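Please keep the model open while reading the points.

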Amino acid sequence: MRSSLFAVVLLLRLQWGSSFVPVTNVPYYVARTRMAITNRYSPSVVGGEMRRRIEMAASSAATTTTTTTTVTTDEKTADSVRHHTEDRMKKCVESVQKNLLSVRTGRANPSLLDRVQVKYYGLPTPLHQIASISVANAQQLTVEPYDTTLLRDMERSIVDADLGLNPQNDGTIIRLQIPPLTEERRLTMLKQCKSIGEDGKVAIRNVRRDGVDAMKKIEKSVGKDQSMDGQRAIQKLTDTYISKIEAIIDKKEKEVMTV
């Protein structure tokens with residue numbers, strides 16, 4: 001196993017030069033290197049296209065991984081708690097916006113497939129990292145895999161994502177015809193939008209609860225007045241960000257209902 005990994009690292013160094021730095025997610029990159037070798041890509045493709053895809057994957061993993069950060073007791077002030085709370089609320093709004101991208105409105109948009117995950121060498125991988133997704137016309141998307149052996153898996157994953165799309169596999173690419181939304185389908189999409197919005201508002205309220213609890217815990221060190229002011233500020237933030245989510249949902253619902 002060690003010799004195999006060494007061979008992979010050596011190959012990548014030969015293709016990319018000294019700029020290549022091994023990373024911790026070895027199976028992920030080994031899988032993509034194997035794909036390049038299996039498909040007999042030319043060195044220029046391996047050194048260019050594969051590197052671009054891997055960097056995109058690494059960037060995506062870095063930006064989509066969410067962690068709960070906390071402020072240590074020594075650092076806690078009313079302002080730090082408020083800023084930390086607001087940062088978390090902003091992330092809740094961003095999450096709502098991202099989830100709404102997968103709600104289709106009757107027009108072709110690559111973001112419709114953002115939630116589609118495909119098993120690739122045993123790893124759940126976003127579809128857009130292992131295939132090129134493009135808009136053929138206003139009513140059609142095309143999915144061209146970098147590895148054609150994954151066509152069946154991609155087709156199944158698109159169906160399982162419950163997007164209301166019927167993939168057409170011609171052995172090389174997958175075509176997705178975006179059908180006009182029926183009244184029944186529009187109502188279903190509206191419910192989905194409302195559900196996403198409610199999840200976002202619940203997340204905001206949970207953040208508010210954590211922020212208020214944090215303010216109460218530092219009351220002895222900052223004083224009751226600052227603690228109460230901080231709690232009122234957090235409530236205002238809660239109202240503001242819930243209103244933002246409601247505005248985002250209202251806009252999306254109008255798009256869904258527009259014929």
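1. The model is predicted: local features need pLDDT of at least 70, side-chain atom pairs count only at pLDDT 80 or more, and totals for chains, interfaces and linings use all residues. Residues are numbered from 1 along each chain as its sequence is written, and side-chain values use heavy atoms, with hydrogens and water left out.

2. The largest nonpolar core has 22 residues, and Leu113, Val116, Leu127, Val143, Met154 and Leu176 have the most contacts inside it. Such a core is a set of buried Ala, Val, Leu, Ile, Met, Phe, Trp, Tyr and Cys residues joined through side-chain atoms within 4.5 Å; buried means under 20% relative accessible area, exposed over 50% (1.4 Å probe, protein chains only). Its largest share, three residues, comes from α6. A second, separate core of 19 residues includes Cys92 and Val256.

3. Helices (H or I, at least four residues) and strands (E, at least two) are DSSP runs, numbered from the N terminus. Four bridges join β1 to the antiparallel strand β2; strands pair if DSSP finds at least two bridges between them.

4. The buried residues of α6 are Leu151, Met154, Glu155, Ser157 and Ile158. They fall within an arc of 165° seen down the axis of α6, so they line one face of the helix; the arc is that of the directions from the helix axis to the C-beta atoms. Exposed Arg152 and Asp160 lie on the face of α6 turned away from its buried side.
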